[in-house]
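Thanks for coming, everyone. I'll walk through a few local features.

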Amino acid sequence: MHGRVKLKSTAQQEEEKRKEREKKLKIYVATRDACFNKRKEGAMDDEALQLTQQLLSANPDFATLWNYRREILMHLETVKEEDEVQKQFDAELVFLETCLRVNPKSYGCWYHRGWVCGRQPKPNWTRELSLCDECLARDDRNFHCWDYRRMVVKESGVPVDQELQFTDRLIGSNFSNYSSWHYRSTLLPLLHPQSPDLPVTCPKSSTNSPPNSPHTHSHRVCEEQLLKEYELVQNAFFTDPNDQSAWFYYRWLLGRAEREEMISCVYMSREGERVVVAFSRPAQAVGLMLLLDGKMQKVEWRSAPPSVRHSPVWICEFPPGTISDINNEHNLTVHWTEKYTKRECALYTGRAESWCRDTATDQELFRSELSVEKTSVLQSELQSCNQLMELEPENKWCLLTIILLMRALDPLGYEKETLAHFQKLKEVDSMRSSYYSDLCSKFMIENTILKMEYAEVRVFSISEKNLSTLCHLDQLLLVTHMNLCSNQLSRIPPQFSMLQCLEVLEVDDNLIESLDGLSNLPKLEELSLKNNQISKISQLEPLASCPKLTRLDLRGNPITKTDNIPAELSELLPSVTDLML
């Protein structure tokens with residue numbers, strides 16, 4: 001046995017480790033308590049800095065210690081010369097680098113580093129940019145570092161084209177670098193903004209921001225650059241069809257610009273002497289004023305749905321007798337002072353209602369406005385994706401992108417193919433089947449709105465389409481008759497109260513349990529709810545606020561099996577004279 005190294009047993013090794021941990025913990029706790037005592041005493045000296053440094057070197061996520069350290073540094077700023085302060089902060093940055101080696105994703109470290117650079121008399125932004133390069137080379141998905149880099153770029157005025165080249169390098173070395181794709185999407189609109197004469201809706205750049213700052217507000221990307229980006233991203237997903245990063249970026253490229261904030265519709269009715277104003281986007285009624293026949297009107301606005309601060313639809317009533325006489329003509333002007341815009345509407349003699357609006361087709365709501373050049377390129381992109389699908393028939397990203405390309409090019413013309421692709425998506429990606437159902441429902445509703453407006457009717461019918469959700473209800477303000485039968489709807493959402501002109505609603509053969517959205521519909525007269533999941537009287541309570549409801553069909557619902565239903569319904573809904581159970 002001579003000459004052999006004596007090995008300790010596992011139990012002995014564990015015991016020694018335990019004792020070592022206890023020893024370190026005692027030192028840590030003692031140091032922490034000493035540090036807290038010094039802060040309590042208001043000590044702002046080098047010893048306190050050393051104590052916090054000792055603790056933070058072991059645990060960089062101790063937020064209280066970073067706060068104490070900043071208090072000390074701010075005190076030292078007041079008692080030291082500028083050169084000494086500069087050296088103090090330089091030393092602090094060196095210390096922070098050691099902390100980042102312990103935890104490269106420490107919130108406290110990155111925030112403190114930004115704070116130090118912000119107070120340093122002569123910050124070295126070039127050094128900070130190099131540090132970001134080094135950290136991202138180790139982990140290109142360190143979002144703490146990405147956030148810090150954006151701050152450095154903003155403060156140092158790095159040109160946008162230089163940062164775009166940086167994303168080129170990272171994407172070129174790794175197509176899966178989602179952070180780089182995202183950063184690219186923030187830079188492109190600044191370097192290649194969409195021409196002002198094209199529809200843009202993003203706010204103008206802040207006058208306080210540098211001209212090439214990635215933090216200035218931006219427009220959409222110009223078409224010429226978009227065409228180049230298509231080629232770049234296509235190389236990525238043909239290289240690795242299953243990587244989601246490039247596909248998400250591609251969806252951003254295909255996205256349409258947000259609508260301009262404006263008044264999209266004004267509706268006025270002698271019945272109830274109501275005015276309904278619809279906005280292109282959810283907004284507050286702040287600054288909304290009415291002039292009737294040239295005179296300012298004092299009204300109270302309420303949102304639809306009720307009690308919502310930002311809503312696309314707002315409603316008010318004039319005092320009794322203001323516009324009720326059908327023999328009088330009235331001119332209404334709605335001013336929205338927040339956006340310096342207005343809209344006029346005339347209510348002529350003999351007419352009970354009137355409106356003025358932009359249609360979904362006028363506004364190109366459901367697809368991008370395409371030039372001939374972009375249309376031809378997107379056709380080529382669609383062809384390329386179809387070729388990829390032949391090679392990868394079960395690639396969900398490819399299938400979804402094909403759908404989006406079809407939507408951008410011709411939503412009505414590709415409707416049949418779109419439905420088929422959604423069915424395929426549900427099969428190959430069954431875990432997200434509900435998401436695809438909701439997205440398909442959204443697209444089918446958009447198509448139905450377009451068809452309805454091309455026909456210039458106020459009837460909205462979309463039955464037997466497996467709808468799982470309702471959307472774009474603000475676009476249906478003027479609809480009088482709606483058919484949603486034989487779908488998969490489980491509720492009537494609160495946004496349904498935007499349909500202020502609705503008279504007849506058919507929702508037979510669905511899965512409806514909630515009728516929250518059917519409250520405060522002033523013109524609703526007929527409601528058919530056959531074969532749904534209404535089982536309690538309480539589920540029908542929203543209908544009590546519909547004063548003109550006279551016909552209600554509840555056949556085929558569980559509620560019909562409850563005793564004394566007619567009497568209870570008569571008490572809840574006295575206006576209903578034609579009840580079918």
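**A walk through the model**

Let's start with E300, which lies in the loop between β4 (295-297) and β5 (302-304). Helices here are DSSP runs of H or I with at least four residues, strands are runs of E with at least two, and both are numbered from the N terminus. E300 is exposed, with a relative accessible area of 70%. Buried means under 20% relative accessible area, exposed means over 50%, and partly exposed is in between, using a 1.4 Å probe and protein chains only. V275 is 25 residues from E300 along the chain, and their C-alpha atoms are separated by 11 Å.

A word on where this comes from. This is a predicted model, with residues numbered from 1 along each chain as its sequence is written. Local features need pLDDT of at least 70, side-chain atom pairs count only at pLDDT 80 or more, totals for chains, interfaces and linings use all residues, and side-chain values use heavy atoms, with hydrogens and water left out.

Now, the backbone. Most residues other than glycine have a negative phi, and most peptide bonds are trans. Where is the cis bond? From A304 to P305, with omega near 0°. P305 sits in the loop between β5 and β6 (311-317). Next, Y340. Its phi is positive, about 50°, although Y340 is not a glycine. Y340 lies in the loop between β7 (330-336) and β8 (341-347). Y340 is exposed, at 79% relative accessible area. N466 has a positive phi too, of about 60°, and is not a glycine either. Look for N466 in the loop between β10 (459-461) and β11 (481-483).

On to charges. Side chains of opposite charge can pair when their charged atoms come close. How many salt bridges are in the whole structure? A search finds 34. The rule is a side-chain nitrogen of Lys or Arg within 4 Å of a carboxyl oxygen of Asp or Glu.

Take R138 and E134. Their closest N and O atoms are 2.6 Å apart. Both lie in helix α6 (residues 125-138), four residues apart, about one turn of the helix. R138 is exposed at 59%, while E134 is partly exposed at 40%.

Now compare E353 and K523. Their side chains meet in a salt bridge, 3.1 Å from N to O. E353 lies in strand β9 (residues 353-357) and K523 in the loop between β12 (504-506) and β13 (526-528), so this pair ties together parts that are 170 residues apart in sequence. Are these two buried or exposed? Both E353 and K523 are buried.

One more pair: D553 and R555, with closest N and O atoms 2.7 Å apart. D553 is buried at 1%, and R555 is partly exposed at 36%. There is also a network of salt bridges, linking D90, E97, R101, R113, R127 and E128.

Last topic: cysteines. A disulfide is a covalent bond between the sulfur atoms of two cysteines. The cut-off is a pair of cysteine sulfur atoms within 2.5 Å. By this rule, the count is zero. C265 is in no disulfide, and the nearest cysteine sulfur, that of C356, is 7.7 Å away. C265 is buried, at 5%.
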